[in-house]
Structures are given as C-alpha cells and as structure tokens.
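The entries follow in the order in which I looked them up.

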Amino acid sequence: MSKREFQTEVNQLLQLIVHSLYSHPEIFLRELISNSSDALDKLRHLTLVDEAYKPLSFNPRIDLELDDETKTLTIADTGIGMNEEDLVSHLGTIARSGTKNFLSQLSGDARRDSNLIGQFGVGFYSAFMVADRIEVLSRKAGEEQAWRWVSDGQTGFDIEPAERAAAGTTVLLHFNEEGKHYANSWRLQEIVKKYSNHIAFPIFLTYEKSDWNVEEKRSINTRTTEQVNLASALWRRPKSEITEEGYKELYKSITGDSEDPLFWFHTKAEGSLEYTTLFYVPSKAPLDLYQAEYKAGVKLYVKRVFILDDTRELLPQYLRFIRGIIDSEDLPLNVSREILQQNRVLTSIRMSSVKKILSELKNISASLPEQYLKFIAEYNRPLKEGLYSDFANRETLLELIRFKSTTVVGLTSLADVKSRMKEGQKSIYYITGGAESLLRTSPLLEIYRKKDLEVLVLDDDFDEIVFSGIDKYGDIDLKAVNKSSTSEDLKGEAGPDKAEGMKPLIDKLKATLGDRVKDVRVSVRLADSPSCIVSDEEEPSIQMQQMLRAMGQKEIPAPKPTLEINPDHEIVKKLLARIDDAVVEDASWLLLDQALLMEGVQLQDPVAFVQRLNRILNLSI
Ligand code: ADP
Ligand code: MG
C-alpha cells in the first residue's frame, strides 16, 4: 500500500467543501452519477471508434446500492475505469485552471458557493461533505489489474492493487453524521430523479424494500433492485411529449444551476442535415461570462452519444451564455476537436443555431416584453459584442439590443427610436465616452435637447469601439454626437455670417492654444455652454484616447481635440468685443479646459487652470 498526499489545491478545496458548502450536500450524488455517466460515455465512444475496444462488451449501467445497517452507499458503473496513474492524477490533483479559478471566487456565502461547485465541476470531492471515508475500486477498460483508492479526505490517500471482475468504477461512501440522512432509499430516489433523470444510462437502486404482508399482518423486507431514472435523451422526444418541468429538470441536470432557465428553444431540423438542438438561456449570467477562460456551455452529441462539451466551436463566443445540447445525425462519431473547426456539417449547424437563437429572442422581445427585459439585464453586453464579431447577423442584433436614451425612462429599442424620429430627421444620434451621469449632462447634448432630438446614451466602456464601426440602422445613419462633422439635422443654426463675425476671436484662440487643439470653430451644437470639444470622424474620442494611454499605449499622442465655441453665449460675445484685452488669453484656456472637464477628461496642467481661474475671479470681485 502506498500513502500519497493531496496536491495543495485539493486540500484547500476539501477544507472549503467540508466547512462552508453545507447548503446542498445532496449534490454529491449528482456529481458521482455524472462522473459515472461521463465514464460510460467515454467507453461507449471508444468501443465505437477504436478497433482495440470493439470486442469489449458494453453493458452500460449505474448501480446504487444502499446498506442501511452499515450506513454505506456504493455507486458503481461499467464505464472506462481508472488505473493507478489515473487515480493519482484525477483524484489527487486539480488539473483544470477553471477549478483553481473557482477557489479564488468563493465568497463564503454558502448558497452561492454551492452553485459554483456545479459550475466548475469540483465534483468528486463534494462526496466528502457526506462521507468520512471514501473507497474507489476501479479497473480500466482493456487492463487486468484493478486498484483501490482510499481516503478520509484529510490526510491524503492510499492506493493498493485490488481485484474487480470487470472494467468500471465503484465508489464506496461511508456516511458521516451529515451523510446519514442519505442512507434512505426514498431520499436517494428523490435526488436521482431531481438531478439525474435524463442521464442517458439506466440508474438502478438496490435497497431493502419493505412491503406489507396481508396474511402475516406485518411488513416484510426484501432486497430489491429498481431502475430510478428515465434514461432517455429527452431532447430527442417530440416536443408535445415534453413537459415544462421536464425541460427545466434537464436544464438543471446538465448545468448544475439551481434556478430555472429563462427561456429554451428546442428545434428538430430535418432535411439535408438532421439534428436536434435544445438551447437554454440561464436566468442569471454565468459567473465566468467575462473571463477569458470561460467554460462553454453546449454539449455535442452524435446520435445520442455524448462527444464533448468543452469546445468553443459550437456557438460564437458572444453567445457563450447559452447552455444546452446539439445532437447531430450526420457527424462522424470520432469527430475530434481539431476536425470540428472546419467541419462543414458543424459550421452549418452552428450558423442555423445562431439564427434560430436570435430569431427566438426577437419573438420573445415582442411577445413577452417583461421577460425580455430580464434577459437584457443579463445579456445586453454580450449581444453588443456580437455587433463587431458577427456581421451576418448585425441587423438582428441591432434590433435585439436595448439602449438608454435622453427621451425615455428605462431602455428602448432602435425600432422605437425610429418610430419617434421627427419628420424629416435624417439620423439617429448617440453619445459615448463615460459614465451615464457625465454623458447626460454633456454640453454636446444641448442642441439636441433644444431641437427635441432623441440621443442614445451609450455608457458601456466598449460602446465607442462597437458603435464606431456601425454607420447605419437599416437605411438610417447612426451618428455620434461628439464627432466633428455635423449632420443635416443640426444645420441652419450658425449661419456663415455668425462664423464670419467670430473670426477675430477664433484666430485669437488658435494663436493662444497653439498645438493643444486641432482646430477652433463656431459650434452649431451648443445652447447653454460657451464651448465644447469634438473629435474627427475617423479618430477615437478624447475619452477613448485617454483610456488607451492609461492602458499603457504610450505611442498614442496626447489628445488633440477640436474646440467649438458658442457664438450666442454671453462670455463668447464679450470676449469678441474685448479681443485685445489681456484677459482673453486666460479666458481662451479656460474655454478649452472647462470643455475637457465636462467630458471627463483630465487636465494636463491643473495648476495652471486654477491660477487662471483665480486671476479671473480676482477681476470680477
Ligand atoms: P470532473 O468530472 O469535472 O472532471 P470530478 O472531480 O468529478 O471532476 O472528477 C475528476 C476526474 O476523475 C474525472 O474527470 C474522471 O477523469 C475521474 N473520474 C471520477 N469518477 C470516475 C468514474 N466513475 N469513472 C472513471 N473516471 C472517473
Ligand atoms: Mg464530475
């Protein structure tokens, strides 16, 4: 017998599992059954594609056996099994970075943390919530030698050679105090039905069944074995036969989520390609949604045989929150991760799946607007990511995304914005580049307010990047209000004579501000403020440039805005009238600096700003 130690992370995880995750200990059974089911999937796959495994008989089943007397439960499968090396690496270390991530995300809030367990598949170790000793007897398919792994979940584990009649794995749990609640056949059946009803393999439970014997007038115990789960691939049954509960249960069993999904879309495609898809939208965004190492949530099956679930090829990245199943009739069983990338069948399934998901969402947005808002609260942002990665579906995505706006409370769709457009209005406008409060008070919006034109308030940090690439919604132009070119909708405000009259001041401003500005001109967009800054059509906004520099892109030169002044503003008029006054120089800088401040841009020289302000204050007191 050899004594081994757990990897540090395993110890850490075990500590957490035993001490802080007591809210749903019952999930231990789901985890062990899903491991058995995975092991059966793997063996079935091998017997189908690998010559060496073909002669092996495959009799897939999972057997639970309860011993009330000794308070033990065994979970046995006829799956792929593990040899010595597998036992050490699978049940002694944590290989996946996802799980390491999991450890860093634990909050101490037991409810949340036990949901996390499912999401990251910390699986096997959860059994130590209910057991103080676990024995794993396993024999790998194609090998003669079996091995026994034993651990108390604290001091490491032992491994020794053992015997097992056939390939597969038996996990023996010695229940602890907490676990004794599960030494009960009713309870076990209930848990299996709840979590594992749709596992594709039969799950049997062997237990002491007590039946009332009428003649002897007493109950008699008989050792009984019964199948507990449905064991059918639910998604392959006709929709009409599947209840709402059935869909929800399947969702929970494949995701480990304890909440119901928001929506699901079940499609059976027949024609040149035959496949079934069942997609779910979780009611809460997955916790790893914004992590580079997110776990993909769609499982690939071929003819009901599980193939893989950890590939990101099945749906585009922006739909990574979708959970569910793709089951194809046309793919080869031995399809590999590498092949998937250029596989025509899969490309085609993927394309129609995206269309299907988006069109279903669109239907929901019309028929269940309140439900749709729940969806938007979680997933508006990933949909926006789709705008710059999925050109083919851009129009649909634009219709699905919701926006904040200056005209309505809450969120609005582009279709609604369009319906509110003024007679003769040419474009739809939006403002980007900062927090919502900053955007809503920007001087750039003054003219739109005055003319009663709606402006979309895009306050997500990546909105500028996304929307700068989108010029049109249908045949309507989409325009940023902070870009220098002005739209026809604003024309007619500052006539050429106004600009002409301002020339002396403009020249003065240019001379004073020098290369700190790109240009100075008369504005058509201001009502109450004396000045504002804008950017050129092709260049990133000042805020974006500031952000890029903050992110370390040193080659980005200091932002050089175009300054616009309001010819109707009192201050501007006075400055024009006293163009040769000494105060005009300080005032010129203040016109620029206040415009920058209003856009949330940091001043290059705050000290000079304050000195100028004080000089002017001094004059006015
Ligand atoms: P996960 O299932 O997410 O990989 P687990 O902690 O549940 O994580 O299991 C760890 C690994 O142990 C599995 O990936 C698998 O390789 C192995 N394993 C666990 N249970 C079994 C089993 N019944 N048969 C074969 N291998 C198993
Ligand atoms: Mg597992």
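At what angle do helix 9 and helix 10 pack, and how far apart are their axes? The model is predicted, so I note that local features need pLDDT of at least 70, side-chain atom pairs count only at pLDDT 80 or more, and totals for chains, interfaces and linings use all residues. Residues are numbered from 1 along each chain as its sequence is written, chains are lettered from A and ligands numbered from 1 in the order written, and side-chain values use heavy atoms, without hydrogens and water.

**Entry 1: the helix pair.** I found that helix 9 (residues 344-367) packs against helix 10 (residues 369-389) at about 125°, with the axes 6 Å apart. Helices here are DSSP runs of H or I with at least four residues, strands are runs of E with at least two, and both are numbered from the N terminus. Axes are lines fitted to C-alpha atoms, for helices over the stretch in contact, and angles run from 0 to 180 degrees between N-to-C directions. The two helices are therefore oblique to each other (under 35 degrees is roughly parallel, over 145 roughly antiparallel, 65 to 115 roughly perpendicular, the rest oblique).

**Entry 2: Lys71.** Lys71 lies in the loop between strand 2 (62-67) and strand 3 (72-77). Its relative accessibility is 28%, so Lys71 counts as partly exposed (buried is under 20% relative accessible area, exposed over 50%, partly exposed in between, with a 1.4 Å probe and protein chains only).

**Entry 3: Asp452.** I noted a positive phi of about 60° at Asp452, also not a glycine. Asp452 sits in the loop between helix 14 (446-450) and strand 17 (455-458). With a relative accessible area of 52%, Asp452 is exposed.
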